[in-house]
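This report looks at packing, ring contacts and symmetry. Please have the sequence and structure open while reading.

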Number of protein chains: 2
Amino acid sequence: MKINGNFLNLKDSYLFSTVAKKIKEFQSANPGVKVYRLGIGDVTLPLVPAVIEAMHKAVDEMGRKETFRGYGPEQGHDFLRDAIANYYADKKVKISSDEIFISDGAKSDLGNILDILDPSDKVLIPDPVYPAYVDTNIMAGRKIDTALGNQANSFKPMPDENYKADIIYICSPNNPTGSVYNYEELKAWVDYANRQKALIIFDCAYEAFVGDESLPTSIFQIEGARTCAIEFCSFSKTAGFTGTRCGYTVVPQELVFDGVKVNSLWNRRQCTKFNGVPYIVQRGAEAVFSKEGNRQIRENIAYYKENARIIHEALEKKGIWHIGGVNSPYIWLKCPDGMTSWEYFDHLLTKAHVVGTPGAGFGEMGEGYFRLTAFGDRETTQEAVKRILEFS
Amino acid sequence: MKINGNFLNLKDSYLFSTVAKKIKEFQSANPGVKVYRLGIGDVTLPLVPAVIEAMHKAVDEMGRKETFRGYGPEQGHDFLRDAIANYYADKKVKISSDEIFISDGAKSDLGNILDILDPSDKVLIPDPVYPAYVDTNIMAGRKIDTALGNQANSFKPMPDENYKADIIYICSPNNPTGSVYNYEELKAWVDYANRQKALIIFDCAYEAFVGDESLPTSIFQIEGARTCAIEFCSFSKTAGFTGTRCGYTVVPQELVFDGVKVNSLWNRRQCTKFNGVPYIVQRGAEAVFSKEGNRQIRENIAYYKENARIIHEALEKKGIWHIGGVNSPYIWLKCPDGMTSWEYFDHLLTKAHVVGTPGAGFGEMGEGYFRLTAFGDRETTQEAVKRILEFS
């Protein structure tokens, strides 16, 4: 038997393990010194009361014969698909329930979607970027090119008509840079994809952080997207579901390649290799769209965004170049004094006792940059910011 | 962009949709006539109190900042991996926690495991069988051969030394036939796989139904399995988790192909394309292994097995050839009077008002056979059996 040899082309990912190791070493050498973490990509606020209440109710249902639920539809329960369709309707985007597939998170579907695409497809991925886009395509043996982000384009690379792509990744609001494409920019990508007969993989996991109404929160707000894009969404950052696991993937009926409906292909993939999301979790996710649930998650998002504002304001005051932190939980900054990403990491850790994430971990174009996140406590964020100002 | 053309080689699965259509037509034509369903592959008893209690507790934890859980390990929480390792230890099988990967169900992992294997690997799949083994390999473009089950081998095909396989599927207790390999038979497969340097994909989803202590309930009870097998387990039928979604996959550290540890490959796959099972669900699964939880799930399994015994006894009395139904929730019978699977389906539906599953839906060798399941109500099962006796 042969293993999939493409796995041997993967680089080991040392980013977060190296971060953890360096913190541990620092703490061993400096016992009792408090470390302020702004590197964390995970939420810290608990699930909101409406979600908790809905899940308790669902657990009770599962314990009684009359209300017990066995296998659900692989695509998700109608109550949740309908709630999501209504959420899109509120954004003036018409998505039908049969275009919505409930997932156990955007990460799973962003990887699994590649099952239905040909290994010969050529992939265009931005740099810097969430590393899983690259790794999942290396596993499938696809050729990868990068769309380079830099200060000149505010880390929002634009299409190059001379380049022929088959699969295009876009993440907006972006992880790690926090940059957000506007309508015109996204329209340029959609038009380019339609001309090239390419597929856009649109990672929409941070859409709930967009407060500026002039910015799109779904690729389907762009004319023409229904013939070229799949959108991947998540309750992880929107509603604190990182440990509860639920997301959704939108595959329009008009999306057709080689004469085949992608919606049918994805449906077949999911029915064969997936068995749906836990009923209890789907009831929790449904509660996110209730009036009370929505008000509660908006409060949590506002809390994180206030953290982002505090970081943003401090960097502004200090004159450190940065983007993000307004319509995004991520702040992306240029390391001061020409430091590399890891030099700045060491500097902040040892001098300010603050932890962030080296930009070099997100791709070559991330070298010399640094990511801070807004998912911490208010007190931690305030103290960390004070220390960054003092020691940068 | 090109789609994965292998998907076009999939046959549409009409089995359960045709069953549903025929029932609907019968009921329209015969309003008020009650239909007794023994075709269902889903559990009907609710989750046991110990699981419900554990999940309520976990939901509460998720609602408080001090006990909230964000991203968990992709491989699963230690508390559950350790509980499963202990479950194996009770069977006198040494499995370490780092060989156990918590999944959202055996179906997902049985499909996703193919990611780490080469598309050129030649696959040996029993016939009749759970259709997903075939479909997931067609999607990946692999060459498939079948190991034929029939009455002569009690639907337990054995290895053929002249045939060279790379990947071998075994499901024991079997779906749909209910047959169970004994130690000697499984040893023959393990020895064959080791000689051929092949991988055994061992689907162990029904192991909890084995009551006969002379039969194996894990492939790792067989000497030599640690160098050739991966085992896929599920809480679905064991503890009624079909709508709650949890399973586990055991990948031994000694499993090495092309000089690469399969455990590391699978770990990399899961870390890149999966984000773990909901914390709440993992706490529910942990409770299955508590003293009280185990007693409760055993009661439910005994209830289903009594249904199986009732069906088994009736077929015995009527002299209808059948297997399964003793160490399995499935009963596999030969359609009487030379009827085809679908003829017998129609006969039972229209005459006895009983629904089962045509064996032909599980592969060519299933033609002329029929599957009944023990997952129904006691009353439904008793009445259905009475009617089968009367009209067969």
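## Charges over rings

In chain B, the charged end of B:Arg81 sits over the ring of B:Phe101, 5.8 Å from the ring centre. The model is predicted.

## Aromatic pairs

How many aromatic pairs does a search of the whole structure find? Over all chains, the search finds 46. One of them joins A:Phe79 and A:Tyr279. Their ring centres lie 6.0 Å apart and their planes meet at 85°, so the pair is edge-to-face. This pair links distant parts of the chain. A:Phe79 belongs to helix α3 (residues 78–90) of chain A, while A:Tyr279 belongs to helix α9 (residues 279–287) of chain A. The two are 200 residues apart.

In chain A, ring pairs build a cluster. Its members are A:Tyr87, A:Tyr88, A:Phe235, A:Phe241, A:Tyr248 and A:Phe289.

## Nonpolar core

In soluble globular proteins, nonpolar side chains tend to be buried together. In this model, the largest nonpolar core has 136 residues. Which residues have the most contacts inside this core? They are A:Ile200 and B:Ile200.

Take B:Ile200, leaving aside its neighbours within four places in sequence. Its contacts include the isoleucines B:Ile168, B:Ile170, B:Ile219 and B:Ile230. B:Ile200 is also in contact with B:Trp189, B:Val190, B:Ala193, B:Cys228 and B:Ala229.

## Symmetry of the two chains

Two copies of a chain are related by a rotation about an axis and a shift along it. For chain B on chain A, the rotation is 180° and the shift along the axis is 0.0 Å. The superposition has an RMSD of 0.0 Å. That is the relation of a two-fold axis.

Which C-alpha of chain B is nearest the axis? That of B:His56, 3.1 Å from the axis.

Methods. Residues are numbered from 1 along each chain as its sequence is written. Chains are lettered from A and ligands numbered from 1 in the order in which they are written. This is a predicted model: local features need pLDDT of at least 70, side-chain atom pairs count only at pLDDT 80 or more; totals for chains, interfaces and linings use all residues. Side-chain values use heavy atoms; hydrogens and water are left out. A nonpolar core is a set of buried Ala, Val, Leu, Ile, Met, Phe, Trp, Tyr and Cys residues joined through side-chain atoms within 4.5 Å. Buried means under 20% relative accessible area, exposed over 50%, partly exposed in between (1.4 Å probe, protein chains only). Contact means heavy atoms within 4.5 Å. Rings of Phe, Tyr and Trp (its six-membered ring) pair if their centres lie within 6.5 Å; planes under 30 degrees apart count as stacked, over 60 as edge-to-face and the rest as tilted. Helices (H or I, at least four residues) and strands (E, at least two) are DSSP runs, numbered from the N terminus. A charge sits over a ring if NZ of Lys or CZ of Arg is within 6 Å of the ring centre and within 35 degrees of the ring normal. Copies are superposed by least squares on the C-alpha atoms of residues with pLDDT of at least 70 in both.
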